[in-house]
Amino acid sequence: MANPSAVCNGHLHHHHHQKQNNLLKSGVCKKNGITKGMKKNGVSNGTLYKKTFIEHFEQAPMYVAVLTFVGFGVGTIFGYLRDFMRAWGLEKRNIAEEREQQKDFVPLYQDFENFYTRNLYMRIRDNWNRPICSVPGPQFDLMERVTDDYNWTFRFTGRTIKNVINMGSYNYLGFAETEPNALKTVTKELQKYGTGICSTRQEMGTLDKHVELEKLVAKFLGVDDAMVFGMGFATNSMNIPALVGKGCLILSDELNHTSLVLGARLSGATIRIFKHNNMQSLEKLLRDAIIYGQPRSRRAWRKIIILVEGIYRILSIHSMEGSIVRLPEIVSLKKKYKAYLYLDEAHSIGAVGATGRGVVEYFGMSPDDVDVLMGTFTKSFGAAGGYIAGKKDLVDFLRTHSHSAVYATSMCPPVAEQIIRAMKCLMGLDGTTQGLQRVRQLGKNTRYFRRRLHEMGFIIYGNDDSPVVPLLLYMPGKIGAFARRMLEKNIGVVVVGFPATPITESRARFCVSAAHTREMLDTVLNALDELGDFLQLKYSRYSKSSHPELYEETRFELED
C-alpha cells in the first residue's frame, strides 16, 4: 500500500502505476482538495495569497432572467414570422441564398443556422464594426454611417464624430499614441528597415531588432529566454501543437480564449475542461489523470499541461468575465501532481502587478513557478504580436519546432521598436518613471471605475484589480439601446450578447486605460448613471457574491 502522506504531498509521478492503483483503492487525498478553509499540502489556502483576492459575480434577480428568456422568445417568434413572409415573397430577402440552378446541390448556406444572424443580430448590427479614423487612444474619431434598410447595408455620410471617449480598446497603459517625441525611435527604425520582412524567422526573417526585443522580454519577465511572434492569436494556436500531441493531456479552463482552444484542438492531445477558476474541479481531473492514465490502454500520459489565462477576457467561446486566475492555488496543484503550467498573460502583462509584470508579480510569485509564459503586445504595449518565455531549453525547442517560426512572416521592425520603447519605459530604462506612473494610474482608474459602478447599483463581474469591466445588461433589447445612447453622449462602448456570452448574460464591456483622465471617467460614469435609470439596468442588490457555486461546491459532474 502506498504511503498516504507521500501520495497527498505530491510525491507521485505519472508513470508509477502501482502507486496509482493504491491511491485509487485507499481513496486518500479526497479531503485534501483546494476548498475554502481547508489545507492543501499542509499549507492553509489563506497563506497562498499575499494580498486580498476579491471577485464579484452577483446573480441577477429571478425576474430579470425570466424577462430575458421572454425577450429571446418574442424575438424568435417574430423571426419565424418574418422568415415565413420572406418565403412567400411578402418581404425582400437580403440574405445570401442558393441559386436556382444549384437547388439540387448540397446547400452552401445553412438557412436555419443563420436564423439568429438575420433575425436578431441584424436588428442591432449597427453597434459593431464601426470604423474609426484616428489613433485608438483615450478618445478617437468615428466615421458616421447610416442605414436605409434596417442594418443590412450601411452608407457613410462623410461626417466625422469627433473626440468620442474610448471605453472599448485594450489600450491599458496608453501606449497607443501618436505623440511625435514618443515615436521618434519608431520613426527612425521605419526609415532604416522599412515596413516588412518578407520572410520567416527560420529563413531570412530574424533581424537584430528581434534579438534585442527577445533579450529585453526575457529580462522584463525574469526568465532565461523568450521568442517573439508577429501575431498574438497565432502565438497560442501555433505553439501549443508544438508542445503537446497525441498521448498528452490538456486541462483547460472552461472560459479560455479561442486561441487557446484552437491550439489545444490542433495539437491532437486529449482535452479535459475544468470549471472556471475552480480548484476542486481541476484537482479532480489531475487526480483521475494520474490514477487512470489514458483511456483504454491505461498507460500514463506523456505530459499533463494546464492551460489558464491571467485575466479572463474578451472574445473567448463564452467568456468576458474580467476575473483573475487563482494562480497560487494552480501552481500548488501543478507541483503536487507534477503537471506543466501554460499561462496566457495577453491581458494581464503590463496591466496588473506593481511594475506591470502580470499576474506572477501580482501574486508575488516566481516566474520559475510557470513552465510556459505567454503574452501579447497588442494590449498594454500598443503594438502587435506575442511572446513565449521560460527556460532556455523550452525556447530553443520552439525556435526549431514552432509552426509560427517556420511558416509565418516575422514581426515588422517598427512594431518591434514600439514594443522595445514601451517595455523600456515600463522598466525605467528610458531614464524616467513614466512607465511606473502609468501602471499605478491604471490601477487607480480601475478601482475607482469599479467602485463607482458598484455604488450606483450595477452588476459588474470580475476582480477589483482587473481593467476589463463587464457590466451586465441581460435583456437582448437593451444591448442596442445601451450602445446607441452611449454613442449619442460621445462615448464608445463594446456590447456583447449571445452566442459570445451565455444567453442570459448580455453585457457591455469597458476597458479602463491609464490614459483616461478622471474627468473622462466621471463623464462616462455620469452617463451610465443616467442611462442605468432610463433603461432600468441597476439590478444589484449589493450582494458581494464571489460565485460560491464555482469556488466552494463539494460535488459536481464534469463533461468529457
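Modeller: In soluble globular proteins, nonpolar side chains tend to be buried together. A nonpolar core here is a set of buried Ala, Val, Leu, Ile, Met, Phe, Trp, Tyr and Cys residues joined through side-chain atoms within 4.5 Å. Buried means under 20% relative accessible area, exposed over 50%, and partly exposed in between, using a 1.4 Å probe and protein chains only. In this structure the largest nonpolar core has 109 residues, and those with the most contacts inside it are Ile 306, Phe 449, Phe 482 and Phe 510. Helix α15 (residues 413–427) supplies the largest share of this core, nine residues. Another core, of 21 residues, lies apart from it and includes Ile 240 and Val 372.

Biologist: Before we go on, what are the ground rules for this model?

Modeller: This is a predicted model, so local features need pLDDT of at least 70 and side-chain atom pairs count only at pLDDT 80 or more, while totals for chains, interfaces and linings use all residues. Residues are numbered from 1 along each chain as its sequence is written, and side-chain values use heavy atoms, with hydrogens and water left out.

Biologist: Which residues is Phe 510 in contact with, leaving aside its neighbours within four places in sequence?

Modeller: Contact means heavy atoms within 4.5 Å. Among the partners of Phe 510 are Met 167, Phe 449, Pro 467, Phe 482 and Leu 528.

Biologist: How many aromatic pairs does the structure hold?

Modeller: Rings of Phe, Tyr and Trp (its six-membered ring) pair if their centres lie within 6.5 Å; planes under 30 degrees apart count as stacked, over 60 as edge-to-face and the rest as tilted. There are 13 such pairs. Tyr 116 and Phe 498 are edge-to-face, 5.8 Å centre to centre with 80 degrees between the planes. Tyr 116 lies in helix α4 and Phe 498 in the loop between β16 and β17, so the pair ties together parts that are 382 residues apart in sequence. Tyr 116 is partly exposed, at 26% relative accessible area, and Phe 498 is partly exposed at 33%. Phe 482 and Phe 510 also form an edge-to-face pair, 6.5 Å centre to centre, and Phe 482 and Phe 510 are buried.

Biologist: And where do helices and strands begin and end?

Modeller: Helices (H or I, at least four residues) and strands (E, at least two) are DSSP runs, numbered from the N terminus. Phe 482, for instance, sits in helix α17 (residues 477–488), and Phe 510 in strand β17.
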